[in-house]
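The following note reviews the cavities, aromatic pairs and local backbone features of the structure shown below.

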Amino acid sequence: MVLDLASSTLFNMAAKPIVSYLGPTASYSEQAVRQVFSEDYWQLKPVVTIDDIFDEVQSGRTLLGVVPFENSSNGPVVFTLDDFADRDKKYSDIAVNGDIYVDVHHYLLGHIASAAAPAAEHDGTSTPTASDPNPTKPKATPLTNLDKIKRVYSHPQAFGQCKAFLSTYLKGAETLEVSSTSKAAELVSNDTSGESAAISSELAGKLYHLDTLAKSIEDRDDNKTRFLVISKDFIIPKQAAQLNWPRAERTGTKSLISFTVPHNAPGALADALGGFKENGVNLTSINTRPTGKEAFQYIFFVEFEGSRLDDEDGSVNAALEEINKVAESWRWLGSWDTYQ
């Protein structure tokens, strides 16, 4: 179904339309939102979890939502994929309408004791294990001694992006997962003992008055996170122009689908994917999540270049027809213009 903005109650209210994102304030999700959505036209609404974003959009309480989808060095965000999998049929109207790329530079934040010792010397290979005898050398070094830190808070994705630093300088510290990197900074701000630290953004450090213990601790310089813009039903590009959604120069189109195939049918997955090759459609990613029905059976997510709605040569729809022949079930999750 395509959302008709002309008759949308949300869009025609006197108040600004709402875009929801993973909070609290100073999260990377907020940075993604602010790259694209101006407060001159939009009300920006932080929520607690990724599930909350989907709930807000599906219920119609917000017009759009921005959800983290994948990171260049740590892969897909499984919480978002699980919501797209929609095993409980809660989000049947959710569609993707765009994506946003954010450069991610993690800071280690905390409280420095007034008599803190200088940073300890490490060469990045001082904590080998049997499974990792030659650990990757981190590209950042601490700005102060970290020996007092017993706990590190952050989002699971952030931990995955800072493995080298953590294994070298904070190997003995407990890692505690929280809903967002900014929530981690908020928690650490309340612990002035100096025993807690957060992996979060520079902006969060300033907001919560935390000391910078180390800068840019991510494993890779080119660390980026891609966010997807979701709505209830699909907004076609011409209608999206009504949203005062600032865009750069268009670089192409992408689409996302999910599907399941009979797991006991030899070649079913190959047949489903073969239609893309036969029709010259380029696949850009494949991910899986458990179906939740039987052990070791999966929902497949395929992203590819091209649009179902703007398909002049018919290649995309021909590929989708092949999916339709083979799949037990499948769902088109959206097509959108890309700007990178």
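1. Helices (H or I, at least four residues) and strands (E, at least two) are DSSP runs, numbered from the N terminus. Under that convention, helix 2, strand 3 (64-71), helix 5 (156-161) and strand 11 (224-232) each supply at least two residues of the lining of the largest cavity. The model is predicted: local features need pLDDT of at least 70 and side-chain atom pairs count only at pLDDT 80 or more, whereas totals for chains, interfaces and linings use all residues. Residues are numbered from 1 along each chain as its sequence is written, and side-chain values use heavy atoms, with hydrogens and water left out.

2. On a 1 Å grid over the protein atoms alone, a cavity is a set of points where a 1.4 Å probe fits but cannot get out, and a pocket is an open set with protein on both sides within 12 Å along at least five of seven lines; lining residues have an atom within 4 Å of a point. A volume is the space filled by probe spheres set on the points, and grid points are joined across faces, edges and corners. The whole structure holds one cavity of 30 Å³ or more. The volume of the largest cavity is about 220 Å³. Its lining has 17 residues, of which Tyr28, Pro68, His155, Gln157 and Thr181 lie nearest the centre.

3. Helix 5 gives the largest share of the lining, three residues. By class, the lining has seven nonpolar, ten polar and no charged residues (nonpolar: Ala, Val, Leu, Ile, Met, Phe, Trp, Tyr, Cys and Pro; charged: Asp, Glu, Lys and Arg; polar: the others, Gly among them). Because domain 1 (15-103 + 223-246) and domain 2 (107-114 + 136-214) both give residues to the lining, the largest cavity lies between them. The domain bounds come from an automatic or database domain assignment.

4. The largest pocket. This pocket holds about 420 Å³ of space. Of its 20 lining residues, Lys89, Thr260, Lys293, Ile299 and Ser329 lie nearest the centre. Helix 4 (78-85), strand 12 (252-260) and strand 15 (329-338) each contribute at least two lining residues. Domain 1 (15-103 + 223-246) and domain 3 (247-339) each provide at least three. The lining of the largest pocket has six nonpolar, seven polar and seven charged residues.

5. Aromatic pairs. Rings of Phe, Tyr and Trp (its six-membered ring) pair if their centres lie within 6.5 Å; planes under 30 degrees apart count as stacked, over 60 as edge-to-face and the rest as tilted. Seven aromatic pairs are found in the whole structure. Phenylalanine 54 and phenylalanine 84 form an edge-to-face pair, because their ring centres are 5.2 Å apart and their planes are at 80°. Since phenylalanine 54 lies in helix 3 (residues 50-59) and phenylalanine 84 in helix 4, the pair ties together parts that are 30 residues apart in sequence. Phenylalanine 54 is buried at 0% relative accessibility, and phenylalanine 84 is buried at 2% (buried means under 20% relative accessible area, exposed over 50%, partly exposed in between, with a 1.4 Å probe and protein chains only).

6. Phenylalanine 259 and phenylalanine 300 count as stacked because their ring centres are 5.6 Å apart and their planes are at 25°. Phenylalanine 259 is in strand 12 and phenylalanine 300 in strand 14 (residues 298-305), so that the pair links parts of the chain 41 residues apart. Both are buried: phenylalanine 259 has a relative accessible area of 1% and phenylalanine 300 one of 10%. One aromatic cluster is formed by Phe54, Phe69, Phe84 and Tyr91.

7. Backbone features. Which residues other than glycine have a positive phi? Lysine 89 has a phi near 60° and phenylalanine 296 one of about 65°. Lysine 89 is in the loop between helix 4 and strand 5 (94-103) and is exposed at 67% relative accessibility. Phenylalanine 296 is in the loop between strand 13 (283-290) and strand 14 and is exposed at 69%. The peptide bond from glycine 23 to proline 24 is cis, with omega near 0°; proline 24 lies in the loop between strand 1 (18-22) and helix 2 (28-36).
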